[in-house]
Amino acid sequence: MRILAIIPAYNEARNITAVIEDLKSFRGDILVVNDGSTDDTAAIAKSLGAKVVSHPFNLGIGGTVQTGLRYAYEHGYDMAIQFDGDGQHRGDQVFKIIELVEKGEADLVIGSRTLPGGYKMGITRFIGSRIFHCLIRCLAGKAIEDPTSGFRCYGRKTIRLFSRFYTDDYPEVESIITAARNGLRVVEVPVLMRGRLSGHSSITRRKSAYYMLKVTLAMVVDAMRGRDLVGES
Amino acid sequence: MDLTKLAALGLSVGIFCFVVWLVRERRLREKYALLWLCTSVFVILLTVSRRILEVAALSVGIYYPPSLLFLVGVLFLLLVAIGHSVTLSRLSESNHNLAQEVALLRKQVEDLKEERKERQ
C-alpha cells in the first residue's frame with residue numbers, strides 16, 4: 001500500500017527538521033505543504049528530501065491539509081496520514097493510527113490524547129473538546145473523545161471525500177461529521193503526543209470563542225442538509 | 001425650487017454620474033452598475049417629486065412619509081449587503097481552489113523538469 005505523510009507547515013523553519021527526522025522510520029513518502037511561509041520552511045524540507053508543495057499565499061490549516069489530500073488523491077495513494085509540523089505528533093506513534101485503515105477496518109482514524117494511554121490537555125481545550133464531543137454525538141451519533149486532534153490517518157475513500165469537502169478554518173471537528181455523514185467508519189485510537197517544540201497554539205483564548213461558534217454553526221447547518229448536499233455518499 | 005431640494009437633486013445626479021464614470025473607467029462591472037444606476041434614478045425621482053413618496057406612504061398606511069423612505073432604504077441596503085457576502089463567499093471559494101491548483105501544478109512542473117534533467 002502506498003502511503004503519504006502530509007505535514008502542514010506555516011513558518012515552521014525551527015521545527016521542520018526535527019519533524020522530518022522524526023519520520024525517518026516512516027515507510028511512505030513525505031509531503032510538506034507549505035502554507036505561504038515567509039521563512040525557509042520549504043527550502044529546509046526540500047533539502048531533507050521531502051516533497052514540497054507551496055501555496056502562493058496563506059490558506060489556513062484546512063486548505064493546507066486539503067492540498068495534501070488532493071495531492072494524495074491525484075497521485076493514487078491508498079492512505080495518507082496528517083502529521084503536524086510543530087512537533088506535537090510523534091513518529092513512533094504513527095503505526096497506531098495506520099493499522100486499522102491498512103486492515104480495511106476504518107476509513108478515518110483519529111489519534112486521541114484522552115483515551116487511556118493518552119495525555120493531559122489544557123483546561124480551555126478540555127472544555128471545548130467536551131462540547132464538541134457532545135455535539136458530534138448528537139449530530140453524527142459517534143462518541144469521539146478528542147475531536148480536535150489533528151493526528152489522523154485517511155483511507156482512500158476519505159481522501160477522495162475530503163479533497164472535495166474540507167473547510168478552511170478549524171476543520172478537525174467538522175471533518176468528523178462530514179465523514180460520518182457519508183457513511184465512512186471513523187475510529188479513535190489512543191496515542192502519545194508531546195508538548196510543542198517551539199511556538200504556541202494557533203488557537204488563542206479570544207479565537208476559541210469564535211472557534212466554538214463557527215464549528216457549532218457549521219455542524220448544525222450540516223445537520224439540516226439533505227443527503228445530496230452532504231457529499232457524494 | 002428651494003435650496004434643500006436643489007442640494008438633494010445635485011447629490012443624486014452626482015451619484016448617478018459617479019456610477020457612470022466608474023463603469024467608464026472599468027472599475028465597476030455593468031452587472032453591479034445596473035443596480036446602482038437604478039437606485040440613483042429612483043433617488044432622483046423622489047427628489048423631483050415629493051408626491052411619489054407621500055402617495056406611497058399613505059397607501060401602505062404610513063403617516064410620516066420619510067419613515068417609509070428609511071424602511072425601504074435600510075431593507076434595500078441589507079439585501080445588497082447579504083448579496084455581497086454571498087458573492088464574497090463564492091470568490092473566496094474559487095480563490096482557495098485556484099491557490100491549491102497553482103501549488104499542485106507548480107509541484108508537477110518542478111517534478112517534470114527534474115525528470116527531464118535526469119533523462120538528459
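Predicted model: local features only at pLDDT ≥ 70, side-chain atom pairs only at ≥ 80, totals over all residues.
Local features need pLDDT of at least 70 and side-chain atom pairs count only at pLDDT 80 or more, while totals for chains, interfaces and linings use all residues. Residues are numbered from 1 along each chain as its sequence is written, with chains lettered from A and ligands numbered from 1 in the order in which they are written.

Chain B has 4 helices and 0 strands, where helices are DSSP runs of H or I with at least four residues and strands are runs of E with at least two, numbered from the N terminus. Along the sequence, that reads simply as α-α-α-α. The radius of gyration of chain B is 25 Å, well over the 14 Å from the globule rule for 120 residues, so chain B is more spread out than a compact globule; the radius is taken over C-alpha atoms, and the rule is 2.2 Å times the number of residues to the power 0.38. Laid along the principal axes, the C-alpha atoms fill a box of roughly 85 × 30 × 15 Å. Chain B is split into domain 1 (1-48) and domain 2 (66-120), with bounds from an automatic or database domain assignment, and the C-alpha centres of these two domains sit 30 Å apart. Still, of the contacts in chain B with a separation of 6 or more, 40% join residues 24 or more positions apart; a contact here is a pair of residues whose C-beta atoms, placed from the backbone, lie within 7 Å.

Over in chain A, helix α4 (residues 94-102) buries V94(A), I97(A), I98(A) and V101(A). Seen down the axis, these buried residues fall within an arc of 95°, so they line one face of α4(A); the arc is that of the directions from the helix axis to the C-beta atoms. Their cover includes strands β4 (79-82), β5 (108-112), β6 (152-155) and β7 (186-190) of chain A. After α4(A) comes G104(A), with a positive phi near 80°.

Just past α5(A), G141(A) takes a positive phi of about 65°.

How values were computed
Contact = placed C-beta atoms within 7 Å. Buried ≥ 20, exposed ≤ 12 C-beta atoms within 10 Å, placed from the backbone.
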